[in-house]
Amino acid sequence: MATVSDQATGICTHCDRAIPSANIDLHYAHCSRNLERCKICCDMVPKTLAEEHYLNTHAPVACSLCSETMERDILDIHRDENCTRRMVTCEFCEFPLPAIDLAEHQEVCGNRTELCHLCNKYVRLRERYNHEDSCNRIQENSSGSSRYVRPVERDEGPRRRPQQNDFPRKRVFFTIAITGIAVILGSIFFQRKTDLSNVQ
C-alpha cells in the first residue's frame, strides 16, 4: 500500500504548497477561491479575514507613550524594551523615571556619596559595590588590627555631613547688618538728592 510520501506531488501555483497530484486540481480551485497571500508577511490567509489580519498584525499603530508609529505585532516589544518614554528605575535611588532621562539622572545620582560603615569614609554610590568588596577584604585581612571600633558606632547610622551651605550664625548676622546699613545709607542719599532737586 502506497503512503502519502510515496505519492507523486505537485506544487500549488497559488499557495506554493506541495499537494498530492491526484488532489491538486481540487485543491487549487478551493485555494484560489478562498485564500490570498498577505503582501507584507506572505502568509496565506482567508480572503474574508484578510483585512482583519492586516489590522491586527501589520497596521501601523502609534505608541501611547512616545507616539512613534510601528507595526502592531512589535508594539509590545517596543513598549517593554525600546520606548524612550517607558518607565525605568534608577539603580542608585530606585526612583522611577522615563528611560530617556535615565542616563543623565544616574550620572548625577551615582556621584552622591554615602558613609561606609566599615571604614567611615564617604563613597560615591556608583563605586559602592566595588568599595564594599575591597573594604570587606581589607577588614578581613586586618581583623587583628589595634583599631577598636565602639559597638555604638555601627548602630548610630550614617553621620550627618556638614552641608556646604551651612553658614555660621555670626556670618549671617553680619550679612544682615551690612545689608541694613546699605539700605539706610541708600535711602538717606536718595532723600538728599530729592531735596536738592526740589530746591533747584
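**A walk through the predicted chain**

The chain exposes about 16100 Å², and carbon and sulfur atoms supply 54% of that area. Accessible areas come from the Shrake-Rupley method with a 1.4 Å probe; for residues, only the protein chains shown count as cover. This is a predicted model, in which local features need pLDDT of at least 70, side-chain atom pairs count only at pLDDT 80 or more, and totals for chains, interfaces and linings use all residues. Residues are numbered from 1 along each chain as its sequence is written, and side-chain values use heavy atoms, with hydrogens and water left out.

Confidence comes next. The mean pLDDT (the predictor's confidence in each residue, from 0 to 100) is 80 for the chain. Of its residues, 78% reach 70 or more. Over residues 148–158, pLDDT stays under 50. The model has nine contacts beyond four places in sequence for that stretch, a contact being heavy atoms within 4.5 Å. Residues 160–167 also stay under 50, with five such contacts.

Now the overall build. The chain holds seven helices and ten strands. Both are DSSP runs, numbered from the N terminus: helices are H or I with at least four residues, strands E with at least two. Buried residues make up 18% of the 200 in the chain. Buried means under 20% relative accessible area, exposed over 50%, and partly exposed in between (1.4 Å probe, protein chains only). Among contacts with a separation of 6 or more, 10% join residues 24 or more positions apart.

Turn to helix α4, residues 99–109, where glutamine 106 lies. Glutamine 106 counts as buried, because its relative accessibility is 14%. Leaving aside neighbours within four places in sequence, glutamine 106 contacts Thr89, Cys90, Glu91, Phe92 and Arg126.

Helix α7 spans residues 169–199 and includes leucine 185. Leucine 185 is exposed, at 52% relative accessible area. Together, Ile181, Ile184, Leu185 and Ile188 make a nonpolar surface patch of about 380 Å². Patches are made of residues with over 30% relative accessible area and no salt bridge; like charges are joined within 9 Å, nonpolar side chains (Val, Leu, Ile, Met, Phe, Trp, Tyr) within 5 Å. A salt bridge is a side-chain nitrogen of Lys or Arg within 4 Å of a carboxyl oxygen of Asp or Glu.

Last, the cysteines. The whole structure has zero disulfides, a disulfide being a pair of cysteine sulfur atoms within 2.5 Å. Cysteine 66 is in no disulfide; the nearest cysteine sulfur, in cysteine 83, is 3.7 Å away. Cysteine 66 is partly exposed, at 24%. Cysteine 42 is partly exposed, at 45%.
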